[in-house]
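Welcome! Take a look at the picture, then read on.

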Amino acid sequence: MKAMVLEITNTPLVLKLVPVPVPLPEQVLIKVIACGLCRTDLHIVDEDLKHPKLPLIPGHEIIGIIVRIGERVKNVQNGDYVGVSWLGYTCGKCKYCLRGNENLCSNAEFTGYTIDGGYAEYTLANEQYCFKLTEKYGNSSAAPLLCAGLIGFRSYNMINKKAVNIGIYGFGAAAHIIIQIANYLGKHIFVFTKPGDINAQQFAANLGAFWTGDSSQSPPEKLDAAIIFAPEGSLIPKALKDTDKAGMVICGGIYMTDIPSFTYDILWEERSIHSVANLTRKDGDDFFKILTKISLTTRIISYKLSDANQALNDLRNGNIQGAAVLSIH
């Protein structure tokens, strides 16, 4: 099969012919239809995230169809459409798993980081970490849901349910999905982009943003909560200043640049900062359940598998509105 392989960090991926993998008893072989590109992939390639499996096939926003199953697989079968996301394995035995925090599992494995992912024509996944999907999702447009959608949904769910004015800092793949859910739930979304990024602001406005501006501006009203998707540590004190008493600042990324020092007064009055780490399978079940009630669309830019490096560069340089996706089959 063809695969884009990371052989050494901080170097381009290499298009290679590699053997089609054979599933273990609890695994399934998936013919990849599409795989989304995530900013986490950039952090792996650029070595912001340390110690990936090398060589590595990246990619953890996978849509595909099962073509072979292991002998102990029970819940899916050949021909099923499935989605595969970042969380690829948990032990079920550590203290985090036992208290319902499998996203923090001490022995977790991650798709496209410690497990080969979806920048390939075929990939393996443990059946317990596949989301069974309807044929409706068997296309490139669904790929961003498997990480951008899921991590945005988990970030959003950490906010107090009574919050109305919600800020989003960084308007990319995750933000353009969660704004549609927030609008459905009657929230007012205030979008902050890089200074001068008028295109992203217009994109947000078209998706129903209550207000758009850039990260140097203050919103016209105080925020009840904020979600930071951009990997910029300097946005944390900015978001704290923008939030009202008891406001929550949620950091939705896996990596962020250093956070500058700030005075205690902008944290006082019971404001809080909360990070999001990975996701749980329940997040996925709840997410796809709410999608049955919402007419949600994704904006994607499709690339061929062999153009993965170009797609990563476009993502790195901020040239993507919406989500980049490798369309493979």
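## A first tour

The largest cavity has a volume of about 40 Å³. Please keep in mind that this is a predicted model.

**The cavity**

- Searching the whole structure for cavities of 30 Å³ or more turns up one.
- Which residues line the largest cavity? They are Tyr 156, Ile 159, Asn 160, Lys 161, Ala 163, Ile 166 and Lys 187.
- Sorted by class, the lining of this cavity holds four nonpolar residues, one polar residue and two charged ones.
- Two of the lining residues, Ala 163 and Ile 166, will come up again with the second core.

**The second largest pocket**

- The volume of the second largest pocket is about 310 Å³.
- Its lining is made of 16 residues, and those nearest the centre of the pocket are Gln 27, Gly 88, Tyr 89, Asn 126 and Tyr 129.
- Two elements give two or more residues to this lining: β6 (87–89) and β8 (122–126).
- Of the elements, β8 contributes the most, with three residues.
- By class, the lining of the second largest pocket has eight nonpolar, six polar and two charged residues.

**The nonpolar cores**

- The largest nonpolar core counts 47 residues, and Leu 13, Ile 30, Tyr 119 and Leu 326 have the most contacts inside it.
- Elements that give two or more residues to this core are β1 (2–5), β3 (27–37), α1 (39–45), β4 (61–69), β5 (81–84), α8 (308–316) and β17 (323–327).
- Which element gives the most to this core? That is β3, with five residues.
- Setting aside neighbours within four places in sequence, Leu 326 is in contact with Ile 33, Ala 34, Cys 35, Leu 37, Tyr 119, Tyr 303, Lys 304, Leu 305 and Ala 308.
- There is also a second, separate core of 46 residues, and among its members are Ala 163, Ile 166, Ala 209 and Ile 250.

- Eight bridges pair β3 with β4 in the antiparallel sense.
- Within this pairing, Ile 66 in β4 is the residue opposite Ile 30, and Ile 30 is one of the residues with the most contacts inside the largest core.
- β4 is joined in turn to β5 by four bridges, and these two strands run antiparallel.
- Here Gly 64 has Val 82 in β5 as its bridge partner.

- Helix α6 (residues 235–242) is mostly covered, with seven of its eight residues buried.
- The buried residues of α6 are Leu 235, Ile 236, Pro 237, Lys 238, Ala 239, Leu 240 and Asp 242.
- What do the buried residues of α6 pack against? They pack against β10 (165–169), β11 (188–193), β13 (223–228), β14 (243–251) and β15 (272–275).
- Strand β13 is mostly covered as well: five of its six residues are buried.
- β10 and β13 run parallel and are joined by four bridges, and Tyr 169 has Ile 228 in β13 as its bridge partner.
- β13 and β14 also run parallel, joined by five bridges, and Ala 226 has Val 249 in β14 as its partner.

**Two residues to look at**

- Thr 123 sits in strand β8, the element that gives the most to the lining of the second largest pocket.
- Is Thr 123 buried or exposed? Thr 123 counts as buried because its relative accessible area is 3%, under the 20% cut-off.
- Although Thr 123 and Leu 29 are 94 residues apart along the chain, their C-alpha atoms are separated by 5.9 Å.
- Not counting residues up to four places away in sequence, Thr 123 touches Val 28, Leu 29, Ile 30, Val 32, Ile 62, Asp 116 and Gly 117.
- Where is Asn 319 found? Asn 319 lies in the loop between α8 and β17.
- Asn 319 is partly exposed, because its relative accessible area of 49% falls between the 20% and 50% cut-offs.
- Apart from neighbours within four places in sequence, Asn 319 is in contact with Ile 301 and Asp 314.

Conventions:
Residues numbered from 1 in each chain as written. Predicted model: local features only at pLDDT ≥ 70, side-chain atom pairs only at ≥ 80, totals over all residues. Heavy atoms only, no water. 1 Å grid on protein atoms, 1.4 Å probe; cavity = no way out; pocket = protein on both sides within 12 Å on 5 of 7 lines; lining within 4 Å. Points joined across faces, edges and corners; volume = space filled by probe spheres on them. Nonpolar A, V, L, I, M, F, W, Y, C, P; charged D, E, K, R; others polar. Core = buried A, V, L, I, M, F, W, Y, C linked by side-chain atoms within 4.5 Å. Buried < 20%, exposed > 50% of the residue type's maximum accessible area, 1.4 Å probe, protein only. Contact = heavy atoms within 4.5 Å. Pairing = 2+ DSSP bridges.
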